[in-house]
Amino acid sequence: MQRCADLKVCSLDSHDREILIEIRNMRSENIPKGATVIVTPCKTSDGIVIVAVGKEDAYFDRISNDIRNGHIANVFINSQMKYLSYQQKIIANLKKNKELQKIILFLSDKESSPLLTVANQGFNYLVHSLIEIGLSVNVRDETGRSPLSGNR
């Protein structure tokens, strides 16, 4: 019989351990009655976080906190980014939150620009969406390539 969890954290790195500690230290009134957190060691480091549909807002709140706390690169190299639906949800959350947009726009002309990060991974939807939000296409990485350069 397979167990279903509200949050499953797999192959923890130091950042995820901090999050798990925060989850375990949450006051009981902040955790829905019957919520389950399962930590499962993985044979491969795939970094997958499985979130029940009803808990997505809480998950994206955590992603928003990552951006606020300077873990922006982690947000855009997240293994979930390979899924278009996840990319769309990240962008929808960014478009709703002017504070997060301001933080990301601050990096627009820096080598740490999220636009370079997603372009390097070939995430065309995110490239177009971040440009729509206002990130600069003129930013260059350490080798002088722009987000729109070919052969990325």
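**Entry 1: the inside of α4**

I listed the buried residues of α4 and found Tyr86, Gln87, Ile90, Ile91 and Leu94. I then looked down the axis of α4: the buried residues fall within an arc of 135°, so they line one face of the helix. I note here that I am working from a predicted model.

I checked the length of α4 next. The helix covers residues 84-96, which is 13 residues. From its first C-alpha to its last it reaches 18 Å, close to the 18 Å expected at 1.5 Å a residue.

**Entry 2: what covers that face**

I asked which elements cover the buried residues of α4. The cover includes α2 (56-68), α3 (72-76), α5 (98-106) and α7 (124-133). To describe two packed helices, I need the angle between their axes and the distance between the axes.

**Entry 3: α4 with α5**

I looked up the pair α4 and α5. Their axes come within 5 Å and cross at roughly 105°. An angle from 65 to 115 degrees counts as roughly perpendicular, and α4 and α5 are therefore roughly perpendicular to each other.

I wrote down who makes the contact. From α4 it is Leu94, Lys95 and Lys96, and from α5 it is Lys98, Leu100, Gln101 and Ile104. I sorted these residues by type and got three nonpolar, one polar and three charged.

**Entry 4: α4 with α7**

I repeated the steps for α7. The axes of α4 and α7 come within 10 Å and cross at roughly 10°. Because angles under 35 degrees count as roughly parallel, α4 is roughly parallel to α7.

On the α4 side, the contact is made by Leu84, Gln87, Gln88, Ile91, Leu94 and Lys95. On the α7 side I found Tyr125, Leu126, Ser129, Leu130, Glu132 and Ile133. Sorted by type, the residues of this contact are seven nonpolar, three polar and two charged.

I went back to my list from the first entry. Gln87, Ile91 and Leu94 are among the buried residues of α4, and I see these names again in the contact with α7. Leu94 also stands in the contact with α5.

**Entry 5: the whole protein**

I counted seven helices and three strands in the protein. From the N terminus on, the elements run β-α-β-β-α-α-α-α-α-α.

How many of the 152 residues count as buried? I noted 36%. I also looked at contacts between residues at least 6 apart in sequence, and 65% of them join residues at least 24 apart.

Definitions and conventions. Residues are numbered from 1 along each chain as its sequence is written. This is a predicted model: local features need pLDDT of at least 70, side-chain atom pairs count only at pLDDT 80 or more; totals for chains, interfaces and linings use all residues. Side-chain values use heavy atoms; hydrogens and water are left out. Helices (H or I, at least four residues) and strands (E, at least two) are DSSP runs, numbered from the N terminus. The expected span of a helix is 1.5 Å times one less than its number of residues. Buried means under 20% relative accessible area, exposed over 50%, partly exposed in between (1.4 Å probe, protein chains only). The arc is that of the directions from the helix axis to the C-beta atoms. Contact means heavy atoms within 4.5 Å. Axes are lines fitted to C-alpha atoms, for helices over the stretch in contact, and angles run from 0 to 180 degrees between N-to-C directions. Angles under 35 degrees count as roughly parallel, over 145 as roughly antiparallel, 65 to 115 as roughly perpendicular and the rest as oblique. Ala, Val, Leu, Ile, Met, Phe, Trp, Tyr, Cys and Pro count as nonpolar, Asp, Glu, Lys and Arg as charged, and the others, Gly among them, as polar.
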